[in-house]
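Here's a quick tour of a protein model, written for someone just starting out.

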Amino acid sequence: MQIVHRLMVVGATLVGALSLHAETPSEIYQRRIIPLLQSPQASSCAECHLHGVKLDDFLTSDPHASFASLRARGWIDIDNPSESKLLQFIAMKPENSSELMNSVRASELAAIGEWIRASVRDPDSLKTPIPQLNDLKLDELLIQHARKDVVLSRFVDVVWSQFERCANCHSPDRNARQVEKHGAQMNWIIPNSPDKTLDLLEQRKLIDFDQPRASLLLTKALGQADHGGGVKFSEGGHTDRQWQQFLTDYAAIKLGRYVDSSEIPAFSSLRTWRTGLHLRIKELPALPVGQYAIVSMHRLSPEGKAEDQAVAFGEGRVAKDGTSWSTTIMLLEPTAMPRLRAPIECKTLLPDGRYQLRWTVVEDVTQALERILALPSTASAEIDSLWKTGHSAAKTLLFNSFSKY
């Protein structure tokens, strides 16, 4: 019994000694958090945020002030510290996270998690006054706008959605002849992978961050730079303006040009997706060369009544011969439609059937697509079915087959 009693006394003494020497939250912060802030290695924040969020944006050299500012943002759960939002944010990772960043993330979770759990039990940390929410460099709307997944969604909506225009020459699953003739630099589309394609566009310097509107990705598609594939869409039209807007916005995010969310551009609420259907209209009435016009497609009911809302449209300019106009038909997607990454058959995008085509000459090209589609049309024609995709299978209509609308 004496031996047992002595062991109990020794054990109690050791526990007491250890408790006397337990690390304070400040000591944990100095030992584990400060090295993370001083590390040349990017934090895990960089995997999800292109701009505006780094560990040292909300963790300073002062552990008490840092803890208070995190509480002010609602990122600390006092009752369940392991469930704190900050830890949840750090734990998030993209699909293609690297082993290095997984290691960085694990270190951050372990260190910050230990500090938070110690801080919620520390009276000095808890009594630190909670400040106003001014600890981050950018406001929350701008931080959200610059998230990589949000940027990628805009890239898919605006640019990737149109890449079927470019795929025959620039996608390795279909451009063997082009590569044989011009070399591997022809490959800058990575099939079914918009995120890797966007990275490759940067590496190939097809995006000009200093002068986004001079990006080769855009100027070649417009025919402003030497391009064997010719003009892909009309200068000044909806697609051109959307590409310019994306490139300018992307450059502003990457270079840190935005100061607050009031500078964020308003992208069109209408999303488009190229269908692969090509349409030509010939023997136009007298129109100036370069005149911008659209054709909108409206479903016809079995009774022959056209729906008011267009399901697809095409934009183009009157050709140099002054008598013809051509376009690629683009589906008008509802915003709730899942974003597509892989090629999809036209019949899935646009079901076969009877359609009314409405012809509209547009004088003010700078208008939003929503307003352009609402302009009064001057002529219309009906088709009984869709046609095959591809330039060689383009459907040709004579303008005299259109009737006054």
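Let's begin with helix α10 (residues 148-158), where Val151, Leu152, Arg154, Phe155, Val156, Asp157 and Val158 are buried. Keep in mind that this is a predicted model. The buried residues of α10 pack against α9 (140-145), α13 (194-203), α15 and β1, and a couple of those elements come up again below.

**The sheet**
- An open sheet is built from 8 strands, in the order β7-β1-β4-β3-β2-β5-β6-β8, and the pairing is mixed.
- At the edges sit β7 (395-398) and β8 (403-404), each of which pairs on one side only.
- In general, strands of a sheet pair through backbone hydrogen bonds, and they can do that either parallel or antiparallel.
- Strands β1 (residues 271-282) and β4 (residues 325-333) run antiparallel, joined by 8 bridges.

- Helix α15 (residues 238-254) lies across β1, β2 (292-299), β3 (312-317) and β4, and it runs at about 95 degrees to β3.
- Thr239 has its place in this helix, α15.
- Is Thr239 buried or exposed? Thr239 is buried, because its relative accessible area is 3%, under the 20% cut-off.
- The side chain of Thr239 also makes a polar contact with the side chain of Glu315, at 2.8 Å.
- Leaving out residues up to four places away in sequence, Thr239 touches Gln162, Arg165, Phe233, Glu315 and Met330.

- As a rule, nonpolar side chains in soluble globular proteins tend to be buried together.
- The largest nonpolar core here has 60 residues, and Phe163 and Trp359 touch the most other members.
- Helix α15 supplies the largest share of this core, with 7 residues.
- Again leaving out residues up to four places away in sequence, Phe163 touches Phe155, Trp188, Ile189, Thr197, Leu201, Leu217 and Trp243.

**The cysteines**
- How many disulfides does a search of the whole structure find? The search turns up 0.
- Cys166 counts as buried, at 9% relative accessibility, whereas Cys169 is partly exposed, with a relative accessible area of 23%.

Conventions. Residues numbered from 1 in each chain as written. Predicted model: local features only at pLDDT ≥ 70, side-chain atom pairs only at ≥ 80, totals over all residues. Heavy atoms only, no water. Pairing = 2+ DSSP bridges. Helix = DSSP H or I, 4+ residues; strand = E, 2+ residues; numbered from the N terminus. Contact = heavy atoms within 4.5 Å. Axes fitted to C-alpha atoms, helices over the stretch in contact; angles between N-to-C directions. Core = buried A, V, L, I, M, F, W, Y, C linked by side-chain atoms within 4.5 Å. Buried < 20%, exposed > 50% of the residue type's maximum accessible area, 1.4 Å probe, protein only. Polar contact = N/O pair within 3.5 Å; in protein donor to acceptor, adjacent residues only side chain to side chain. Disulfide = S-S within 2.5 Å.
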